[in-house]
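Here is a short report on the inside of a protein model.

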Amino acid sequence: MQLPVLSTLNRCLPLLFLGSIITCLAQEDTLQICSPSNTLCIKVWKAEKLTYTIHQDGLPIVSPSFIDLIPEKFPSLAASKGIRSSETREVDRKIIAEVPEKRKHIPDRYTQLLIHFKTPYKVEFRAYDDGVAYRIGTSFKDSITIAGEIAEFHFPGQPSAYFPRVKKRDNVDIFHTSFEEEYPLVRLDSLADGTLGYSPILVVPAKGPKIGITESDLFDYPGMFLGGTATPGLKGVFAPYPAEEASTDELYSQRIVTKREPYIARTKGDRWLPWRVLIIAGEDRDLPANDLVYRLAEPSRIADPSWIRPGLLTDEWITGINLFNVPFKAGLNTASYKYYIDFAKRFGFKRIMMDAGWSDNNDLFKVNPDISMDTLVAYAREKDVKISMWTLAMTLEKQLEPALNQFKAWGVDFIMTDFMDRDDQKMVRFYERIAAACANHKIMIMFHGSYPPKGFNRTYPNAVGREGLLGSEYNIWSDRVTPGHDLVLPFTRMLAGGLDYEPGQLNNAGKTATRPVEGTVTSPGTRAHQLAMFVVYDSPMQLFSGNPSEALMEPEFMDLLGSLPTTWDETYIPAASIGEYIVTVRRKGDSWFVAGMSDWQERDLPVNFDFLKEGVYRATLCTDGVNADRYAADYTLEKGVIITKNDRRTVHLAPGGGFLFRLEKVK
């Protein structure tokens, strides 16, 4: 058992209690714990503030960093007269994921240090082999108002970071954001005062491991933005609580904050605050499969989650229902949605999405007069395809129970809600309230205009998707999405949980040919690049955003796409370089899926099949076509290829390229 390391002899005799070591400490004592393999060690001491450092294999990777909580009307954590006691324990257990985004069985091994202070505070540290986390606990009898929290992260040398900077909108404060930005690599000491980014943020030191900073178990508390500090590092910044709100009067109305309180949260006095998480990766390929945020989250609050069954579904938002070769006028109408239902049935999709426009955005009971819900519901049941509905968050909140009852009557088991664009305490409460209400009706939920999941998907496994990224829809009106950006997301945004990118665009273009054209949207990169996203990106509810009329002309390609799982028994990353390329290997049952993506650099990637068990596998291989460098929609589809664990292939990727292999065991 790992014991606390004390820097002085001023201590009481250790007491063995419930498998832990409890030690009475003097104020100046230093505590230390190490991860199960002893590769990561945390030192903690109480100075002016609670301070910690992190070492990897004896080398400092996190410089002295600070923790404090500042409530109103009570002394702060820093004002505590010292540490009363501490205890350590080692934990080795398994978590079974209700909705496995990366793996079904998750090892959860760590060393824990729990520090009790002489005032009503406690702080828990955990040292994992792939990261470190801490959280503050309070033990006040009554509710407390929190004026602020100090969460500072400092690093040796002159580090840089992949930093998604929040751009201030007109007429609202900087805490209004849809969390949809690029991740440029910037020097931390270049961040101007007042510059904010949202987590996860990936810190890149001059030498040593990369460090992803984010949070987990975010409930009844504002989310953590990050800004620069005087010394190289980042500091947590939290949106103050809304004092006054106003509703915008527009097509997609939302509530904006017009005045804020002088505090960040008002909450119960006896609780744990969210985890502050540092994901530590010696190699880039260690990042995309990391599930530390999930491990730290509160277990499921849904007693029986067996009804939660995500999968593939269609969505028409990006293509604008721009159907062709059909005998009806395409648009927001019954005939078009019947066409989508037929398409879903043909290729094995479980659901279709009826996106914005199926009803009045401000009244879910004012159905578009060109749509007969009775006809569509009956037709979908006949085809064994479910209907899913888009909603505006402000409207869903106003009509919550009647709307959920109506959805249930229509056989809807999945909805999306959109345009929250905040993560202050009041908005964070909205997510929990909506997810809990949906769970009571056995309805799954996806949040758009949202912050990343940050462990919410473990606590509410019916919350099967989040946006919170610059994704495929931006191709409608901008050139901000690039293959290089696509290759940053698995190492940054995906650290905080699954993402809804909405891949599957079929109008593909090279670097100089991509144009934002509404209705006929082109996506940068190749067709195989788009296909690979279905395996590379964690996303239990994958929305195919391509045009069904185009897809029907390529049935073999769509048969492959429609066969892809969206939850996984096992995931690992054999090769990756952030912003450049990735190879992802996933298993579902006895079948394996290998996918790769590249930036605009043309390259060859080796694939070694030594992850397979003994036996023979029949593979379907989709790779960039020989002309994909000039015509990005060109691909090659090979079927019936025999693969064994001793095989090795080199896959050529065109600029912005990709590939996907499906391997099914035959004997």
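## Cavities

How many cavities of 30 Å³ or more are there? The count comes to three. Keep in mind that this is a predicted model.

The largest cavity has a volume of about 140 Å³. Its lining is made up of 17 residues. Nearest the centre of this cavity lie Glu101, Lys102, Asp291, Tyr294 and Asn457. By type, the lining of the largest cavity splits into nine nonpolar, four polar and four charged residues.

## The second largest cavity

The second largest cavity holds about 40 Å³ of space. Which residues line the second largest cavity? They are Glu101, Pro453, Asn457, Ala463, Val464, Gly465, Arg466, Gly498 and Pro540.

Strand E31 (residues 463–466) gives the largest share of the lining of the second largest cavity, with four residues. By type, this lining divides into four nonpolar, three polar and two charged residues.

## Cysteines

How many disulfides does the model contain? The count comes to one. The bond joins Cys34 to Cys41, with the sulfur atoms 2.0 Å apart. Such a link is a covalent bond between the sulfur atoms of two cysteines. The S-S bond of Cys34 and Cys41 has an angle of 105° about it, and the link is right-handed.

Are Cys34 and Cys41 buried or exposed? Both are buried. The cut-off for buried is under 20% relative accessible area.

## Nonpolar cores

The largest nonpolar core has 163 residues. Which of them touch the most other members? They are Tyr52, Phe125, Phe153, Met354, Met389, Phe407 and Ile415. Helix H6 (residues 425–440) supplies the largest share of this core, with eight residues.

Another core lies apart from the largest one. This other core has 19 residues, including Val594, Leu621, Val651 and Phe659.

Key
Residues are numbered from 1 along each chain as its sequence is written. This is a predicted model: local features need pLDDT of at least 70, side-chain atom pairs count only at pLDDT 80 or more; totals for chains, interfaces and linings use all residues. Side-chain values use heavy atoms; hydrogens and water are left out. On a 1 Å grid over the protein atoms alone, a cavity is a set of points where a 1.4 Å probe fits but cannot get out, and a pocket is an open set with protein on both sides within 12 Å along at least five of seven lines; lining residues have an atom within 4 Å of a point. Grid points are joined across faces, edges and corners, and a volume is the space filled by probe spheres set on the points. Ala, Val, Leu, Ile, Met, Phe, Trp, Tyr, Cys and Pro count as nonpolar, Asp, Glu, Lys and Arg as charged, and the others, Gly among them, as polar. Helices (H or I, at least four residues) and strands (E, at least two) are DSSP runs, numbered from the N terminus. A disulfide is a pair of cysteine sulfur atoms within 2.5 Å. Buried means under 20% relative accessible area, exposed over 50%, partly exposed in between (1.4 Å probe, protein chains only). A nonpolar core is a set of buried Ala, Val, Leu, Ile, Met, Phe, Trp, Tyr and Cys residues joined through side-chain atoms within 4.5 Å.
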